[in-house]
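Biologist: Could you walk me through this one, helices and rings included?

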Amino acid sequence: MTSFVIKPALLRCFVRTSRFIGDHRTKKPLCSRRSYATDGDNRVPKIYTKTGDKGFSSTFTGERRPKEDHIFEALGNTDELSSAIGLAREFCLDKGHMFTYQLDKIQCILQDVGSNIATPQSSARESHIKRTKFTAQPIADMETWIDTFTAELPPLTNFILPSGGKSSAALHLARTVCRRAERSVAPIVRSGEADPDVAKFLNRLSDYLFTVARYAAMKEGNEEKIYKRPE
């Protein structure tokens, strides 16, 4: 199973959303290095557990569900989204873009998104809910970023096709993966199994990725491809 299905004994890297937007010059690590393994247990866990060999995986609450369950579908899409953003980040780093610290933070927040999805409210204890709660602060911060980039961009008067150089195209690809992740999370949120702010965050993230893709193209001096009706 993906890194989002976390067994209690191996729980790691839960980044609290209340500190989503800090000074990007901080020396503190973006992801916590705290280990939740039992004190005194120095055994190195194996990457394979064999617990999913029969087509079932566990939620954070301990439920065993088939791997095609909507929970794991949403987790897989969120994991793919983080990977797509990671690839786009590498292109952006090569071009020296200053917003890559935002992509770093977003990838960490997606770990929190996965943790919340992996904790179905119907089977969660209070300790589970407290540990994986997702807050609205990242959404507000994302909107601030979008507004800042938009103020520098030319007005959008045409449909933009994914283009504008490797950085921009990769960010557009991440945007489409984000939309898929949002679609898979929406029914989970509607059923009350995940925090509503998770869906809102993904919705806002797709807007951010579209905006920053245009910004990357502009900064690199690359022309965006405009939709034209085929003749």
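Predicted model: local features only at pLDDT ≥ 70, side-chain atom pairs only at ≥ 80, totals over all residues.

Biologist: How far apart are the end C-alpha atoms of helix H6 (residues 196-220)?

Modeller: Helices here are DSSP runs (H or I, at least four residues), numbered from the N terminus. The expected span is 1.5 Å times one less than the number of residues. So the 25 residues of H6 should span 36 Å, and that agrees with the distance between its end C-alpha atoms, 37 Å.

Biologist: Which residue follows H6?

Modeller: Look for a positive phi, near 75°. The residue after H6 that has it is Gly 221.

Biologist: What kind of aromatic pair do Phe 99 and Phe 149 form?

Modeller: Rings of Phe, Tyr and Trp (its six-membered ring) pair if their centres lie within 6.5 Å; planes under 30 degrees apart are stacked, over 60 edge-to-face, and the rest tilted. Here the centres are 6.0 Å apart with 85° between the planes, and that makes the pair edge-to-face.

Biologist: How many residues apart in sequence are the parts that this pair ties together?

Modeller: Phe 99 lies in the loop between H1 and helix H2 (100-117), while Phe 149 lies in helix H4 (residues 137-152). So the parts tied together are apart in sequence by 50 residues.

Biologist: Are Phe 99 and Tyr 215 buried or exposed?

Modeller: Buried means under 20% relative accessible area, exposed over 50%, partly exposed in between (1.4 Å probe, protein chains only). Both Phe 99 and Tyr 215 come out as buried.

Technical notes. Residues numbered from 1 in each chain as written. Heavy atoms only, no water. Helix = DSSP H or I, 4+ residues; strand = E, 2+ residues; numbered from the N terminus.
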